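This report describes selected features of the structure shown below.

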Amino acid sequence: MTNEFSESLEKKLEETTKLGLEVVKEATEDRLMKLSVGPQHPGSGHFRFTIKVDGDYIVYCDPDPGYVHRGEEKMCEYRNFIQNIPHLERPVIHDSTNITYSYSLAVEELLGIEVPRRGQFIRAIASELNRQVYTLYWLAIYGIFLGHSTMFMWPAGDRELFIDLLTALTGARVTHAFNIPGGVRNDIPDGFKEKCLEYVNYFEKRLKEYENIFYNNPLFRQRTENVGILTKDDAINLGVTGSVLRASGVAYDVRKVEPYDVYNEIDFKVQYMKTCDSFARAYVPFLDMRESCHIIRQLLDKMPESGEVRMKLQSNPKGTPGESYKRVESGRGALSYYIVSDGSSRPYRVKISVGSFRNILALPHLLVGSRLGDMPCIYWALNYWPVEADR
Amino acid sequence: MATAPKDFRFGNFVGSLVWLIFWIIVIVSLVGLPLIFIIFFYIPLPYSNGEVITPYLFLSMIVDPTRTAPIIKFIIHTDFFRAAVFPGFAFAAMIAATTIYVERKFLAKMQLRTGPLYAGKIEGILQLIADGFKLISKEIIAPSGADKPIFWTTPIIFVATAAALTVLIPVAPGWVGADLDVGLLAIFAILGFFPLIALLFSWSCNSKYPFIGGLRALHQMIAFEIPFILSALSIVLLSGSLNLTDIVESQYSFWFFIIAPLSAFVFYISSLAELERVPFDLPEAESEIVAGWLTETSGMIYGLIQLGTYLKLYVLAALFVILFLGGWMGPQIFPQEIIPGYTGEKIYNATVINGIFWFTIKTFGMIMLILLPRGINPRIRIDILLHTGWYKLIVLAFINMFIVLAMIYGGVITPGGLQ
């Protein structure tokens, strides 16, 4: 856009100088308007990115995360392995089971303990339920970002189904602190299985309605199809993960590639699309939710009827010196922990690698050259959670 | 689903109303009436028809219909009453207020919510009044560097322009504030002011997001003005008049919707765009440009602009009814007389009441249709919007216009009915 303009401008400039007229050259910067999107903007979250617009086109984008940095990694070094659980789930409370899942896996490797089989199943159930909660919240915000108020209210309402289930399971609405090294905190309550099946069956019917009102809406398709193309090569080079990667035609899911706990016993498909546009990035999480329902049903089926759910640990467990790296598939992609231990009861170093921070790297690449009206639908389709990225 | 607070008792509600009336009577008789008599002691009493109107006579006039009827008739036939109260501003504002309440409840039911519930005890009917008081009591913040005179006056001009439109709408036979021969043209002329006001306001704010919103409003209204006028043109061809009363009266045998459905569709879509409603709410797109050209509004400035917007909504719904759905035409359901054997001056007119009834019913139906897309559609992008306006809607409006012209020249219809 700008190049064409500046070329034609220079051509005109040459013509006018030939005539002997004096010309004041308009600087390219004069045409641009600098807009600050966030941190107090309805379309940003706890995050800021600066854009420059030339008319309706975005010509420059500079993401500026870090508004909610809390130093989670440093805080880990001053607490023991168990004390770390409650504060580690704060960066993404809507997906709190998944963010503590890979931490627990890594610590278990360091401490050399194994989770009982029933505990592994309960972990996986809680993880899938929490994935639904997160994705519904994400979808609600995606709806309101596109001006679709019904799509804000419906997922936000149906999210309560899974929150009810998780409350029955863990005792808290969003901050569960449920996964701990050695298993899960408590066994499932009575009647949970029937309640869970009932809710999941109802939710599958609701998913059809979501598809009818939102994904099959011609106006929604007009807005998102062929917008913000992230090709397969670009997606791999930029290092995006999760639904963003799968929407670019790469069938990559940590649950399938490196199955952890009981996921190798579960039969499910990796949902991916080859259109590489914003629509695909909005649709893949929806397909994931549908697949998650199948997974929950299988997990409830295969779960052992009774048994231990947690391996008893010392009150202040210590492992051998060493390091471990574990990752799980969270709502936003691969979420991994790298933990180094020096043999004491506290970790020597904890490094959290989150999907959000990887996905936001694609934002300038996608925004530059697109229209101002496409900004929310490209930005939020990247499945970015600002608080998690800042850690 | 809960529709009233848990401890709601209808008896208590009625009881509180009775107590309210009791205290009003007590206060009026103890304080109000003595005050009035004191005032009348000092000022000379007015004459009417050769008799002094004493307070006693005045009270008897209120009760005696033969005396009050001429006065009421005189008042309701003044131009001021027509502009300010009945077919004009107050009537439109009442409909606008009802619309806001209905919209909130309607949208809430659609989204599996309850909507306003507590203000006014029954289904939150007083929510709007509460919101109004809240807006009045809020501080109005003018941005530093704003062009203050324009910033303060444009909201008032916005409401005044919207109120000017309501005067041109005929509600019943003979009931219109200004019966112009170019009524339709006048409405389009006044509608043309709105993008200017939006642009002026957004420029005066000295802020970036309002400025983008104002430019978007301008683009959008220009793109949709032409299909808007073209869709109304086929009705002008059919009725042979620009006078809105004539247009309604020429639909006595059939509605123009039957002959011009495409025009009606174009008119409906264009009015959505004129009103900046979903899916055409680009000038107020929240996630892109905060609140568009309303970003810097606060307190009653916001309230005034909302009032103007809802007045505009009423006017465009009413215009659709007048052009396509036969205005006040409908079966006579009201009796010719309400007091049998009454021979004095008559205020009640069965035809007029019937006209008002049908007009209001149809207008509300149309308003609901305009509110509906808000629940089911996302916002569209500006290039798709401009493409829709300039390419698709203009073509559709032209197609219907040519159909109408062919029918007129082919002798199938004449202005006013089938041949």
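How are helix 5 of chain A and helix 6 of chain A oriented to each other: roughly parallel, roughly antiparallel, roughly perpendicular or oblique? Helix 5 and helix 6 of chain A are oblique to each other; angles under 35 degrees count as roughly parallel, over 145 as roughly antiparallel, 65 to 115 as roughly perpendicular and the rest as oblique.

The model is predicted: local features need pLDDT of at least 70, side-chain atom pairs count only at pLDDT 80 or more, and totals for chains, interfaces and linings use all residues. Residues are numbered from 1 along each chain as its sequence is written, while chains are lettered from A and ligands numbered from 1 in the order in which they are written.

**Helix pairs**

Helices (H or I, at least four residues) and strands (E, at least two) are DSSP runs, numbered from the N terminus. Axes are lines fitted to C-alpha atoms, for helices over the stretch in contact, and angles run from 0 to 180 degrees between N-to-C directions.

| Helix pair | Angle | Axis separation |
|---|---|---|
| Helix 5 and helix 6 (residues 117-145) of chain A | about 140° | 7 Å |
| Helix 12 (residues 261-274) and helix 17 (residues 382-409) of chain B | about 150° | 8 Å |

In the chain A pair, A:Ser96, A:Thr97, A:Asn98 and A:Tyr101 of helix 5 meet A:Arg123, A:Ala126, A:Ser127, A:Asn130 and A:Arg131 of helix 6; residues are in contact if their C-beta atoms, placed from the backbone, lie within 7 Å. This contact comprises two nonpolar, five polar and two charged residues. Here Ala, Val, Leu, Ile, Met, Phe, Trp, Tyr, Cys and Pro count as nonpolar, Asp, Glu, Lys and Arg as charged, and the others, Gly among them, as polar.

The angle in the chain B pair makes helix 12 of chain B roughly antiparallel to helix 17 of chain B. Residues of helix 12 of chain B in this contact include B:Phe265 and B:Ile269, and those of helix 17 of chain B include B:Leu393 and B:Leu396. By class, the contact has eight nonpolar, three polar and no charged residues.

**The sheet of chain A**

In chain A, three antiparallel strands form an open sheet in the order 6-7-8; strands pair if DSSP finds at least two bridges between them. Strand 6 (322-330) and strand 8 (347-353) of chain A are the edge strands, each pairing on one side only. From one strand to the next, the twist averages 15°. Strand 7 (residues 333-341) of chain A is joined to strand 8 of chain A by six bridges, and A:Tyr338 has A:Lys351 as its bridge partner in strand 8. Helix 5 (residues 96-111) of chain A lies across strand 6 and strand 7 of chain A, at about 150° to strand 6.

**A buried loop residue**

A:Gln271 occupies the loop between helix 12 (254-257) and helix 13 (278-302) of chain A. A:Gln271 counts as buried because it has 20 C-beta neighbours inside 10 Å; the cut-offs are 20 or more for buried, 12 or fewer for exposed, and partly exposed in between. Outside four places in sequence, A:Gln271 is in contact with residues including A:Arg246 and A:Glu291.

**Chain B and the chain contact**

Chain B has 17 helices and four strands, and 37% of its 419 residues count as buried. Between the chains, 27 residues of chain A are in contact with 24 residues of chain B. The chain A side has 13 nonpolar, 10 polar and four charged residues.

Conventions. Contact = placed C-beta atoms within 7 Å.
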